[in-house]
There are 2 protein chains.
Amino acid sequence: MPRTRRSFSSRVTLDMVAQQAGVSPMTVSNVLNDKANVTKGKREAVMKAVRELGYQPNRAARALASATSLRIGLLHRDMDSSLLGQLLLGTLRAANLNGAEIAIRSYDPDVEGSAYAEVQTLVRSGVDGLILPPPLSEDADIVALKDSHHLPMIALAPGSELGTIPSVGIDDEQASYELTRLIVNKGHTRIGFVRFVSSNGLSQTREAGYLRALKEAGLKREPELIWAGRPTYEQGLLAAEYFLGLAHPPTAIFCSSDDIAAAIVNYAHRQGLRIPGDLSVAGFDDAPIASQTWPQLTTVRQAVSNIAEIATDRLLKALKSRSELLPETQWVAHQVIERQSIADLRR
Amino acid sequence: MPRTRRSFSSRVTLDMVAQQAGVSPMTVSNVLNDKANVTKGKREAVMKAVRELGYQPNRAARALASATSLRIGLLHRDMDSSLLGQLLLGTLRAANLNGAEIAIRSYDPDVEGSAYAEVQTLVRSGVDGLILPPPLSEDADIVALKDSHHLPMIALAPGSELGTIPSVGIDDEQASYELTRLIVNKGHTRIGFVRFVSSNGLSQTREAGYLRALKEAGLKREPELIWAGRPTYEQGLLAAEYFLGLAHPPTAIFCSSDDIAAAIVNYAHRQGLRIPGDLSVAGFDDAPIASQTWPQLTTVRQAVSNIAEIATDRLLKALKSRSELLPETQWVAHQVIERQSIADLRR
DNA sequence: AGCTTTTAAGATAGCGTTACCATCAATCTT
DNA sequence: AAGATTGATGGTAACGCTATCTTAAAAGCT
């Protein structure tokens, strides 16, 4: 037996409509949801009662009862400040528009298996899908969950076509090609390149663009002009040391990361070189540091928040329509940002 | 006897958290809503379980049971990449645990009144409260909405005690004092200071800390050692030019911003000076650039995501309990990060 | 007509929380 | 020391709706 009613609010409920219409609550629900079999008479009686009482369904109750709300997980690298903001912004925008919720967790890139452990927590916590910022699309364990747990996922800026899971990002090969061509067009013929050491898609894709531009300009690939390292400032200092120590150093260096480029600029300054007068440098990503360096770096910008928004939207739409998400790569426009770090040798 | 379970999603519920923590569901609810009196032990056990399971309250259920749903607005500077991530992270964490929703909007700091216009949009869209990251707590129009629209708000890192609205941040004066003292203790007696030009709280608070440390060490305030500018890399170059052009330049420069400090390091390098051998430099904020410079900068770190989380939580708790939010400043611990940019002159 | 199949309508049991007590141990009276 | 007060904890029902199953009547079949 009911003890006390909690709500004093005179809000009209479905039960009141049912009573007024002389039918059961279920019938009212069925009418309102346009369900199968309701006779015309009852349907009209219900609608009349709804109108008279000014009934409006309670969204919260409906959501709770129909368990229709979507939740997607987003994993991010701890301490990855510059991208994170844009990433969250884009994801949240798409999630809000789709009435979905997002669950965020961070992992420590220095701990083996940390990302996978966090994904498992997300899965256990009941997410319906996953957003994978780089470099998570290269984690085989995580990607495997797609089939083993039938967990839809989409990768952000994968660096290269994956084939296994859907993704959204810029065309890295093309962007790299365009930036290299810009350097070539300014008359440089000895152009250094810093690639990533890892065997991931990115390192190869960006190098491919660099090589394509060289080839097109009739320049040979010179192994001594390619240096591999991790994308950190410290590694950039090593790269600078290497390039400037060559018997015949490059006149320009294109780096796969702004951190490295900034380090090279800094190192060169300490050697008394002028940038871009004595050495031209280009970066990639348009991280904050690219414009907090002097001279500011010519680089490539990818619209991170757009990429995140598009990917999230695509994932949610697929989830809603219960349709399979095809493992297609979707490309978003990038932008070559020309600033002052590349000298024009033609003059 | 339960017939069938309807939900297929293994979403983590409050009951599961209760079981994991070894308490009743009610206790979990009480912990999450900061209700009544829960012992520290239970409270921690619950929070631990929440973290482990990645629990997020079901908003629909909460709204239904409590007949309330909260939405708070967060305004951020467009393009403010490095802080934004941490800011969102903290805010979302608190919002999720409280089952609240957050509405995010950006404003253009270069357009007069842009922030106010965006706030109005938020208000019209029906937010129940507002989070104000710096420097919004200094916008009189926005703060006035607190009373005119009875809109609760809380400021982040206000830089100084406001008196008008509640806030959460570090004690800037104390942090500035501590960093200056660290420089003093290394034997420096001519210490330059870069303050912000604006008349906001921050510029004065940080300068006050600098002056307090000088005074304590028996050093005089020398006007020529204080330079004012905006917190940008370009301005930092001007500051460097100024300080190094003095007849009797400082041996150390403490900057109210890492951007400025990094610019000074860079400028000094180009002048052939060694850092910290010939010039010591310290920054403030521990922005990414502080560790992407060589040598890495000694600076002050504020836990932005914590600050945002605490503030959001405080706002939401007040909203739920329908209690007035007192205009108190709440201080969060800061951390002086000592790296390699300050020379020890005593040896 | 006697039987099975369809169909409208309703009964029942949750969905995941929180409000509102009831309980029992701990602390405080006098 | 016995009774009274507090305070932590949890049992129970309810929030307003929908999924699922059941029923009883209507319709279809041989």
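Start by selecting B:Leu53, which sits in helix α3 (residues 40-53) of chain B. The model is predicted: local features need pLDDT of at least 70, side-chain atom pairs count only at pLDDT 80 or more, and totals for chains, interfaces and linings use all residues. Residues are numbered from 1 along each chain as its sequence is written, chains are lettered from A and ligands numbered from 1 in the order in which they are written, and side-chain values use heavy atoms, with hydrogens and water left out. Helices (H or I, at least four residues) and strands (E, at least two) are DSSP runs, numbered from the N terminus.

**B:Leu53**

Stay on B:Leu53 and show its surroundings. With a relative accessible area of 17%, B:Leu53 is buried; buried means under 20% relative accessible area, exposed over 50%, and partly exposed in between (1.4 Å probe, protein chains only). Leaving aside residues up to four places away in sequence, B:Leu53 touches A:Thr121 and A:Ser125 in chain A, and B:Val12, B:Met16, B:Val17 and B:Gln20 in chain B. A contact here means heavy atoms within 4.5 Å. For B:Val12, 41 residues away along the chain, the C-alpha atom is separated from that of B:Leu53 by 7.0 Å.

**B:Asp34**

Next, select B:Asp34 in the loop between α2 (25-32) and α3 of chain B. Its phi is near 55°, a positive value in a residue other than glycine. B:Asp34 is partly exposed, at a relative accessible area of 46%.

**The Pro-Pro bonds**

Move to B:Pro135, in the loop between β3 (129-132) and α7 (140-148) of chain B. The peptide bond leading from B:Pro134 to B:Pro135 is cis, with omega near 0°. Now switch to chain A and select A:Pro135, in the loop between β3 (129-132) and α7 (140-148) of that chain. A:Pro134 and A:Pro135 are joined by a cis peptide bond, with omega about 0°.

Continue in chain A to A:Ala157, in the loop between β4 (153-156) and β5 (167-169). Phi of A:Ala157 is near 35°, which is positive although the residue is not glycine. A:Ala157 counts as buried because its relative accessibility is 16%.

Then select A:Thr205 in helix α9 (residues 201-216) of chain A. What does A:Thr205 touch, not counting residues up to four places away in sequence? The partners are A:Gly159, A:Ser160, A:Asp172 and A:Glu173. A:Thr205 is buried, with a relative accessible area of 13%.

**Chain A as a whole**

Zoom out to chain A, which has 13 helices and 12 strands. Colour chain A by domain: domain 1 covers 14-66, domain 2 covers 71-170 + 304-333, and domain 3 covers 172-302, with bounds from an automatic or database domain assignment. The centres of domain 1 and domain 3 of chain A, taken over C-alpha atoms, are 66 Å apart.

Along the principal axes, the C-alpha atoms of chain A fill a box of roughly 95 × 40 × 35 Å. The radius of gyration of chain A is 28 Å, whereas a compact globule of 347 residues would have one near 20 Å; the value is taken over C-alpha atoms, and the globule rule is 2.2 Å times the number of residues to the power 0.38.

Of the 347 residues in chain A, 51% are buried. Among contacts in chain A between residues at least 6 apart in sequence, 71% join residues at least 24 apart.
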